[in-house]
Amino acid sequence: MLEKILIGLAVAVVVVLVVVALQPAEYRVTRSATIAAPLAAVFAQVNDLHQFQTWNPFARMDPAAKNTFEGAPAGTGAALAWSGNSRIGEGRMTITESRPNERIRIRLDFVRPFASTSFAEFTFAPEGGRTAVTWSMTGHKNFAAKAMGLVMSMDRMVGGQFEQGLAGLKSKTEVTGAARS
């Protein structure tokens, strides 16, 4: 009887390991918004990491986090290192590409709670007098992340924050644009 139970447990473990191993190795999270503000004003909020921190939803998760700005003041080479509570962890983001009013790419190197590297991209497109913005993040999932993905997907984990961030970007640039008019 004990032998059958152990064989059953071993089979169950093997099945779970196979299911985890077959999960996709890459993830992509994408959210978009249309903002009633000039393209250049919206682009500037993302391109300057100092401004980015004023609407970034992850910054609000730990207002006491230690932030260090390095490199260029804005655009390619600008970097922000952060260290905060367990909700935001520790890491560094570096703008690797900045095409004015078109696209910004950012490398995200996370140290804790889990070491990993992801890539964020913001794309901008004029839409009449408004600006369409898309915020995406891609990355590779290791075995542990694949296992965690069985319970909670990356889209569910960060998609809501992207929506909050785009709402904050919208609020900030629409107010700023209205103040300048």
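**Exercise 1.** In this predicted model, which residues does Phe122 touch, not counting residues up to four places away in sequence?

*Solution.* Start from the cut-off: a contact needs heavy atoms within 4.5 Å. Leave out residues up to four places away from Phe122 in sequence. The residues that Phe122 then touches are Val46, Phe52, Trp55, Glu102, Arg103, Ile104, Ile106, Val133, Thr134 and Trp135.

**Exercise 2.** State how many residues the largest nonpolar core has, and which of them have the most contacts inside it.

*Solution.* The core has 33 residues. Phe122 and Phe124 have the most contacts inside this core. As background, nonpolar side chains in soluble globular proteins tend to be buried together. For the protein as a whole, buried residues make up 37% of the 181 residues, where buried means under 20% relative accessible area.

**Exercise 3.** List the secondary structure elements in order, then explain why the protein is described as more spread out than a compact globule.

*Solution.* First, count the elements: the protein has six helices and seven strands. Next, read them from the N terminus: α-β-α-α-α-β-β-β-β-β-β-α-α. The globule rule gives 16 Å for 181 residues, but the radius of gyration is 20 Å, well over that value, so the protein is more spread out than a compact globule. Along the principal axes, the C-alpha atoms fill a box of roughly 80 × 35 × 25 Å.

Methods
Residues numbered from 1 in each chain as written. Predicted model: local features only at pLDDT ≥ 70, side-chain atom pairs only at ≥ 80, totals over all residues. Heavy atoms only, no water. Helix = DSSP H or I, 4+ residues; strand = E, 2+ residues; numbered from the N terminus. Rg over C-alpha atoms; globule rule 2.2 N^0.38 Å. Buried < 20%, exposed > 50% of the residue type's maximum accessible area, 1.4 Å probe, protein only. Core = buried A, V, L, I, M, F, W, Y, C linked by side-chain atoms within 4.5 Å.
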